[in-house]
Amino acid sequence: MPHPIRLYMSMSLDGFIAGPDDRPGQELGRDGGRLFDWLDDRESDGPSGQVYREALATGALISGRRTFELARRWQGDHHDGVPIFVLTHHVDDGDEPPGHARFVTDVDECARLARAAAGDRPVMVHGAGAAQALLGAGQLDEMEIHLVPVLLGGGRRLFEHLGGEHTELELVRRLEDRDVTHLRYRVRRAGEAARERS
């Protein structure tokens, strides 16, 4: 797959991506910062440095609206001036996002625009809502989960609202580093397993 749409997400072993009470001023929730301790090694030559550099080599970003707002809209530039497509249910009149960001209300259009903007580079996805919407629409190709050995016990889960959908994943890479395991999964499309068995 030349330029996948790929979720990048730090997660606790019990499935949380933020601690309880995530809000402006406490964006990661209570104790949620623990999920990002691995970023202390982002400048290293080890696996965490590799994964971080790969993330910053993506050519476009799809973000959920809540993530975008909690991140103070990244002042319009997430990394290297790449286009930011904010998946949202509603856009208020006169609400112009800053810099390289734009609002998109249709998930398929958002994926199409991001793929086109990224060219031959992957598209980064941020936010549980965006990930769930893209997955439900069949537009999420891969997930890079930074699995942290902690049980947060509460907060915001990555896959809280999937409904009854059954989704098969294929582990395509596993990188161990200090205090984190980076797991890359490919999302298997419906019917793939059946075709392999026949």
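Guide: Start with isoleucine 145, which stands opposite leucine 183 in S10. This is a predicted model. The two strands here, S7 and S10, pair in the antiparallel sense. Six bridges join them. S7 covers residues 142-148 and S10 covers 180-187.

S7 has a second pairing, with S1. Those two strands run parallel, and seven bridges join them. Leucine 7 has its bridge partner in S7, methionine 143. S7 is mostly covered, with six of its seven residues buried.

Now cross to S1, residues 5-12. S1 also pairs with S6, residues 123-126. That pairing is parallel and has three bridges. One spot to look at is arginine 6, which stands opposite methionine 124 in S6.

Step back to the whole sheet. It is open and has eight strands. The order is S5-S4-S3-S6-S1-S7-S10-S9. The pairing is mixed. S5 (101-104) and S9 (169-177) stand at the edges. Each has a single partner strand, so one side of each is left without a neighbour in the sheet. From one strand to the next, the twist averages 25 degrees. As a general point, side chains in a regular strand alternate between the two faces of the sheet.

Next, the helix that lies across these strands. H1, residues 47-56, lies across S1, S6, S7, S9 and S10. H1 runs at about 125 degrees to S9. Its buried residues are Ser48, Gly49, Val51 and Ala55. They cover an arc of only 165 degrees around the axis, which puts them on the same side of H1. These buried residues pack against S1, S6, S7, S9 and S10.

Tyrosine 52 carries a charge over its ring. The charged end of arginine 42 sits there, 5.9 Å from the ring centre.

Aspartate 41 lies in the loop between S2 (16-18) and H1. Its relative accessibility is 15%, and the cut-off for buried is under 20%. Aspartate 41 therefore counts as buried. Setting aside neighbours within four places in sequence, aspartate 41 is in contact with Ser48, Gly49, Asp177 and Arg178. Ser48 and Gly49 are among the buried residues of H1. For a distance in the other direction, take arginine 184: aspartate 41 and arginine 184 are 19 Å apart, C-alpha to C-alpha, and 143 residues apart in sequence.

Glycine 19 is found in that loop between S2 and H1 too. At 0% relative accessibility, glycine 19 counts as buried. Glycine 155 lies 136 residues from glycine 19 in sequence. In space, the two are 4.1 Å apart, C-alpha to C-alpha. Leaving aside neighbours within four places in sequence, the contacts of glycine 19 include Leu28, Gly29, Leu152, Gly154, Gly155 and Arg156.

Histidine 79 is buried, with a relative accessible area of 7%. Beyond neighbours within four places in sequence, histidine 79 is in contact with Ala55, Leu56, Thr58 and Met124. Ala55 is one of the buried residues of H1. Met124 is the S6 residue that stands opposite arginine 6.

Now the aromatic residues. A search of the whole structure finds two aromatic pairs. Phenylalanine 68 and phenylalanine 103 form an edge-to-face pair. Their centres are 6.0 Å apart, with 90 degrees between the planes. Phenylalanine 68 lies in H2 (residues 65-70) and phenylalanine 103 in S5, so the pair ties together parts that are 35 residues apart in sequence. Both of these phenylalanines are buried. Ring pairs link Phe68, Trp74 and Phe103 into a cluster.

One last stop is H4, residues 128-136. Its buried residues are Ala128, Ala130, Ala131, Gln132, Leu134 and Leu135. Glycine 138 follows H4. The phi of glycine 138 is positive, near 75 degrees.

Definitions and conventions. Residues are numbered from 1 along each chain as its sequence is written. This is a predicted model: local features need pLDDT of at least 70, side-chain atom pairs count only at pLDDT 80 or more; totals for chains, interfaces and linings use all residues. Side-chain values use heavy atoms; hydrogens and water are left out. Two strands pair if DSSP finds at least two bridges between them. Helices (H or I, at least four residues) and strands (E, at least two) are DSSP runs, numbered from the N terminus. Axes are lines fitted to C-alpha atoms, for helices over the stretch in contact, and angles run from 0 to 180 degrees between N-to-C directions. Contact means heavy atoms within 4.5 Å. Buried means under 20% relative accessible area, exposed over 50%, partly exposed in between (1.4 Å probe, protein chains only). Rings of Phe, Tyr and Trp (its six-membered ring) pair if their centres lie within 6.5 Å; planes under 30 degrees apart count as stacked, over 60 as edge-to-face and the rest as tilted. A charge sits over a ring if NZ of Lys or CZ of Arg is within 6 Å of the ring centre and within 35 degrees of the ring normal. The arc is that of the directions from the helix axis to the C-beta atoms.
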